[in-house]
Amino acid sequence: MKQTLLAVIVVIISLSTNAQHRADQQHLSNPNSFSMILLGDPQGYTKYDINQPLFELCTAWIADNIEHLNIKAVLCTGDIVEQNENIVRNRKMLNQTSREMWEAGSRAFERLDNKIPYIISAGNHEYGYRNSENGKTHFPEYFPFERNTAWRDICVSALPNRNGVVSLENAAFEFIDPNWGKLLVITSEFAPRDEVLNWAKELAASKQYKEHKVIFMTHSFLQERTAERIKDEHYAITPRNWGEDVWKKLVEPSTNIFMVICGHTGKPGDFEDSVAYRVDKNVAGKNVHQMMFNVQILGGGWEGNGGDGWLRILEFLPDGKTIKVKTYSPLFGISPSTKHLAHRTGAHDQFDIVWEE
């Protein structure tokens, strides 16, 4: 009896020693919900070696909460690196070469490999040499399909990139939930070509997916704060479509795209200068929710810490139509002394999205 009691005490001590004491554990509002986690542009984390662990903290936090928050996927608005291919470092804006930045971004997402799918909308900084001068990219080299088994059963379509290379830059992923039914998440390259928009439009309208609820992701779509759709940009990459063109050619004519997620824009200032949100009707008269989330200038501006760890928890409620959006930072939440800073509760940071039948 004494030996049994001793064994129980040892197990309890062992469990209490090994378990992390979480200062600010997040919870779903309904235990029957599932969630997706939204990451804003991470280039500010990867371009400085001192910031890179902060991005790894974000993905480590996600991996640690997959079961607790019933996370089905991670969505990223793109700009994993500051420059796609450059060895000459401008010390006023980075201290890493492009290869080092790609490796840092890849290493952070590696924490999710074979555990959960992550969907990335490649940004302008993933193309060209420094600034989307052309369609050259190292994206498919660092994020090949085979690296993450979680993609295998849900990736249902993909279109070659601007270089004719098979890539997850343009890809579609299917999710099935007993309450939400069938969801399709389609992601696209930066400033997508007409070919990409036509592929996405035909896919969403196809017999196989026309009854799906569709989320479309692209890097550049809305301006910060004003939420105006982008009509023109200075990047030389061609052929291309900016935000307003994407709306007119793909989103507005599609009857089952109910949400668009993007990043890209932002400026140093208030938190509201890193986010935007608007709702417009599609051709069927249904609301299309458009959300921009880009954290790169939070935590000190363009050359700050990369984003203070801010991410969004998208909770899909079991009513099959409501998504609760919460903005949270595991960087602040990990410590009892800063957890009071870990939640953004303003109108731009915490709100509900409702899908219309």
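**Entry 1: an aromatic pair**

Is Phe316 buried or exposed? I looked this up first, in what is a predicted model. Phe316 is buried, at a relative accessible area of 1%. Trp180 counts as buried too, with 1% relative accessibility.

I then went through the ring pairs, and the structure holds 18 aromatic pairs. One of them is formed by Trp180 and Phe316, in an edge-to-face arrangement with 5.1 Å centre to centre and 75 degrees between the planes. I noted where the two partners sit: Trp180 is in the loop between strand E5 (170-177) and strand E6 (181-187), while Phe316 is in strand E11 (residues 311-316), so the pair ties together parts that are 136 residues apart in sequence.

**Entry 2: Thr322**

From that pair I moved on to a residue that touches both Trp180 and Phe316, namely Thr322. I find Thr322 in strand E12 (residues 322-328). Which side chain does the side chain of Thr322 meet in a polar contact? The partner is the side chain of Asp319, at 2.7 Å. The relative accessible area of Thr322 is 9%; the cut-off for buried is under 20%, so I put Thr322 down as buried.

**Entry 3: Asn86**

Asn86 was next on my list. I located Asn86 in the loop between strand E2 (71-76) and helix H4 (98-110). Asn86 is buried, with a relative accessible area of 12%. The side chain of Asn86 has a polar contact with the side chain of Gln83, at 2.7 Å. Leaving aside neighbours within four places in sequence, I see Asn86 in contact with Thr97, Ser98, Tyr129 and Arg130.

**Entry 4: empty space**

Rolling a probe the size of a water molecule over the atoms shows where empty space is left. How many cavities of 30 Å³ or more does a search of the whole structure find? I get one. The largest cavity holds about 60 Å³ of space. Tyr118, Ile119, Ile120, Phe139, Phe143, Trp151, Leu168 and Phe173 line the largest cavity. Strand E3 (residues 118-120) gives the most to this lining, with three residues. By class, the lining has eight nonpolar residues, no polar and no charged.

Most residues other than glycine have a negative phi, and most peptide bonds are trans. I looked for exceptions.

- Thr238 and Pro239 are joined by a cis peptide bond, with omega about -10 degrees. Pro239 is in the loop between strand E7 (213-217) and helix H7 (243-251).
- Ser132 has a positive phi, near 55 degrees, and is not a glycine. I place Ser132 in the loop between E3 and helix H5 (139-142), and Ser132 is buried at 0% relative accessible area.
- Asp308 also has a positive phi, about 55 degrees. Asp308 sits in the loop between strand E10 (287-293) and E11, and with 15% relative accessibility Asp308 counts as buried.

Methods
Residues are numbered from 1 along each chain as its sequence is written. This is a predicted model: local features need pLDDT of at least 70, side-chain atom pairs count only at pLDDT 80 or more; totals for chains, interfaces and linings use all residues. Side-chain values use heavy atoms; hydrogens and water are left out. Helices (H or I, at least four residues) and strands (E, at least two) are DSSP runs, numbered from the N terminus. Buried means under 20% relative accessible area, exposed over 50%, partly exposed in between (1.4 Å probe, protein chains only). A polar contact is a pair of N or O atoms within 3.5 Å; within protein, one must be able to donate a hydrogen and the other to accept it, and residues adjacent in sequence count only if both atoms are side-chain atoms. Contact means heavy atoms within 4.5 Å. Rings of Phe, Tyr and Trp (its six-membered ring) pair if their centres lie within 6.5 Å; planes under 30 degrees apart count as stacked, over 60 as edge-to-face and the rest as tilted. On a 1 Å grid over the protein atoms alone, a cavity is a set of points where a 1.4 Å probe fits but cannot get out, and a pocket is an open set with protein on both sides within 12 Å along at least five of seven lines; lining residues have an atom within 4 Å of a point. Grid points are joined across faces, edges and corners, and a volume is the space filled by probe spheres set on the points. Ala, Val, Leu, Ile, Met, Phe, Trp, Tyr, Cys and Pro count as nonpolar, Asp, Glu, Lys and Arg as charged, and the others, Gly among them, as polar.
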